[in-house]
Amino acid sequence: MATSKAPPPSPIQTSVGNGGETHQTTANPAERLTTNHGVPLSDNQNSLKAGARGATLLEDFILREKIQHFDHERIPERIVHARGSAAHGYFELTESLAQYTRAKVLTEVGARTEVFTRFSTVAGGAGSVDTPRDVRGFAVKLYTKEGNWDLVGNNIPVFFIQDAIKFPDLVHAVKMEADRGYPQAASAHDTFWDFVGLMPETTHMIMWAMSDRGIPRSLRMIEGFGVNTFRLLNDKDEATFVKFHWRPKLGAQSTCWDEAVKIAGADPDYHRRDLFEAIDEGDFPEWEFGVQLLSQAEADALPFDILDATKVIPEELVPIRVVGRMVLDRNPDNFFAETEQAAFLPTNMPPGIDVSEDPLLQGRLFSYQDTQLSRLGTVNFHQLPINQAKGCPFMNMQRDGHMQTQVFKGRANYEPNSLAEAGEIGGPREDPKGGFRTTAVPLEGAKVRLRAETFADHYSHARLFFRSQTPIEQAHLASAIVFELSKVTLDHVRERVLANLQNVDAELANRVAAGLGLPLPKASKPAVAAQDMEPSPALRIVGKYPPTLKGRAVAILVTEGADGAVVEAVRKAATAEGASVKIIAPKIGGVQLKDGTQLPADGQLAGSPSVLFDAVALVLSEAGCADLLNEGAAVDFAKDAFGHLKAIGYTAQSQPLLDKAGVVPDPGVVDLANGAEAFIAPARTRQWEREPGVRKLA
Ligand code: HDE
């Protein structure tokens, strides 16, 4: 039994007897509630009525103002990337790129630039869950000294389509189907795979999205990519092509599909909570910032077109130079004001950074500004605190419009003007040397609606990706396609995808067909036959992330009479390695340990399934374990931990629960009598070798 503590003192100080409630009042002008226009309120509990039991009066402007504000509290959610969470932090340059760019943010080594970074899913609405199979958005707003730089990327370095004109079709196809309004946040349905089958250019991105990268373990464990090719422009106006990369210190890590599905129910806010809590506890997520740089000649020598966003530049061909880092160290104060109102624009670039002719990027240059107008409702959205340039002033002759918050002085709202000559305010002027300049790209050719021939190869890079994966990842990828196509109801859609997959890799197509239990149709005819490229191990996740407990969560399941010394040993060892440790008990009040001391619980068993943790220790008493044998949540706790390839530490008294859950011995199932360290070693990673014994993969 939990010892009863006195409840914390109530903040409520006075009672005014309005129906028995109590509430705080104040006479201090600095503390008092007011209307939006500053009129102090005497009563925030009761509307104005004709008699205590009478109808409410229209006269009640206080009620009307409050309700009306509430009625308008929502703004349109983002059309894509609606669900997201964000944090503040800083970017620090560690190596100068002055040879390539004049952007101060990339040349001033050691300087810190404030950032606001928003992570998101793509397909679901703002209220959807955090763990669907989906691409993750990785949008960074850097408040540089020369204006905001928004690097609006994803956790996958390529995209589904080559030309922005297909974006509305792609998004319509993946979002909920138009007539039925479902499925929410899921690509496993007819219209998405219909689009995929008909648009072979999606194939490479499909490989990535169906790989484990589509189901990340944490937002702190995703890579980020600028995706589109950009240019850097130096003092001499010489241009260099550039690809931008973010690499998480914790390594890119994923969940298992079955786990991701269960997390969606157990904690729809899994990623959001993880990010918020980590930052709150001072465990700041960090990424390396890297660039791939290419001259025009180097780009021309590649066997693919760097303007095609469905292509990846393998690190083995053009190495990533790590030149900086980003640390997120502060949670937003207010979700709406900051995360929701943040407006990212790929057009936000300081002088020295420029776009390329990538037709996807070219479309993005229009779309984001346009979206912000519809979401935020005014051309003045750049004045919202989260969007305002912080590293430098912003000034021009743009005036007026909805929600103008600046009060300009003087008559000069046009440029050029000579009012300064008369002693009046003249206003800002151009800076031909320091201002933004566009790369002088030579133009040629006729005005056409055409896809470049250099964009025609849709399969070589998909093949490169698949063949670069470890066998474990290949099996996950094939199984994900089987899962998704099994949700498709139209035979011809499945067949078309199977026909295309053969151009990627015959073995992959065969495995998917076998997983579906369907014959393999004839291969489709590609516009250009796929080439074999040198596999790129850098494209894997498995084997790349560091074996560590940092950023990982460990649960210790306890019952009444559990051995406190074992609990303490596991807690100490895991905490020392950087894990966040939670005590899970049948009741939230905690348990009384064998030695009579009370152990408070962080979570109640039914609400804290093992899917929420990376490794679990079962420290049960004999009686406690016997009791849990009839508790489905406890059996699932052990069964899922095993099925999701997690390390399981156990005490001898906990063995019956392991037996009931079908947990069989392997190197990841550790008797805690061998010491907590023996459990920590396998807890640093997943037990991939266990997988063939627990699930059938394609
Ligand atoms: Fe976006 N995208 N996008 N996108 N995108 C939006 O802008 C668009 C693309 C990305 O956290 C929208 O403010 C077009 C690639 C992120 O607020 C919209 C095309 C990449 C975010 C839009 C693309 C992205 C968005 C919706 C094809 C990776 C969330 C809300 C040409 C490099 C930013 C908004 C945030 C958001 C348009 C393709 C990343 C509709 C037309 C490629 C991370 O304007």
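I take a polar contact to be a pair of N or O atoms within 3.5 Å; within protein, one atom must be able to donate a hydrogen and the other to accept it, and residues adjacent in sequence count only if both atoms are side-chain atoms. I work from a predicted model, in which local features need pLDDT of at least 70 and side-chain atom pairs count only at pLDDT 80 or more, while totals for chains, interfaces and linings use all residues. I number residues from 1 along each chain as its sequence is written, and side-chain values use heavy atoms, with hydrogens and water left out.

**Entry on Ser468**

I began with Ser468, which I found in helix 10; helices (H or I, at least four residues) and strands (E, at least two) are DSSP runs, numbered from the N terminus. A polar atom of the Ser468 side chain lies 2.7 Å from the backbone nitrogen of Ser536. I then listed the contacts of Ser468 (heavy atoms within 4.5 Å). Leaving aside neighbours within four places in sequence, Ser468 is in contact with Pro535, Ser536, Pro537, Leu539 and Arg540. Is Ser468 buried or exposed? I noted that Ser468 is buried, with a relative accessible area of 0%. Buried means under 20% relative accessible area, exposed over 50%, and partly exposed in between, with a 1.4 Å probe and protein chains only.

**Entry on Arg411**

I next looked up Arg411, whose place is in the loop between helix 9 and helix 10 (460-468). Arg411 is exposed, with a relative accessible area of 56%. Not counting residues up to four places away in sequence, Arg411 touches Leu419 and Glu424. The side chains of Arg411 and Glu424 are joined by a polar contact of 2.3 Å. I also compared Arg411 with Gly226: the two are 185 residues apart along the chain, and their C-alpha atoms are separated by 42 Å.

**Entry on the ligand**

Which residues come nearest to the ligand? Among the 23 residues around the ligand, I recorded Arg78, Arg118, Tyr368, Thr371 and Gln372 as the nearest; a residue counts as near if one of its heavy atoms lies within 4 Å. Tyr368 has a polar side-chain atom 2.7 Å from a nitrogen atom of the ligand. Thr371 has a side-chain N or O atom 2.7 Å from an oxygen atom of the ligand, and a polar side-chain atom of Gln372 is likewise 2.7 Å from an oxygen atom of the ligand. Strand 5 (136-144), strand 6 (147-154) and helix 9 (359-376) are the elements that give two or more residues to the shell. Helix 9 supplies the largest share, 6 residues, and Tyr368 has its place in helix 9. By class, I find 12 nonpolar, 8 polar and 3 charged residues in the shell. Here Ala, Val, Leu, Ile, Met, Phe, Trp, Tyr, Cys and Pro count as nonpolar, Asp, Glu, Lys and Arg as charged, and the others, Gly among them, as polar.

I then checked the iron atom of the ligand, for which Tyr368 (OH), at 1.9 Å, is the only protein donor. Donors are N, O and S atoms within 2.8 Å of the metal (3.2 Å for Na, K and Ca), and sites may look incomplete because water is not among the atoms.

I traced an open sheet of 6 strands in the order 17-14-13-18-19-20, with parallel pairing. Strand 17 (603-604) and strand 20 (669-671) stand at the edges, each with a single partner strand, so one side of each is left without a neighbour in the sheet. Two strands pair if DSSP finds at least two bridges between them. Strand 13 (residues 553-558) pairs with strand 18 (residues 615-619) over 5 bridges in the parallel sense.
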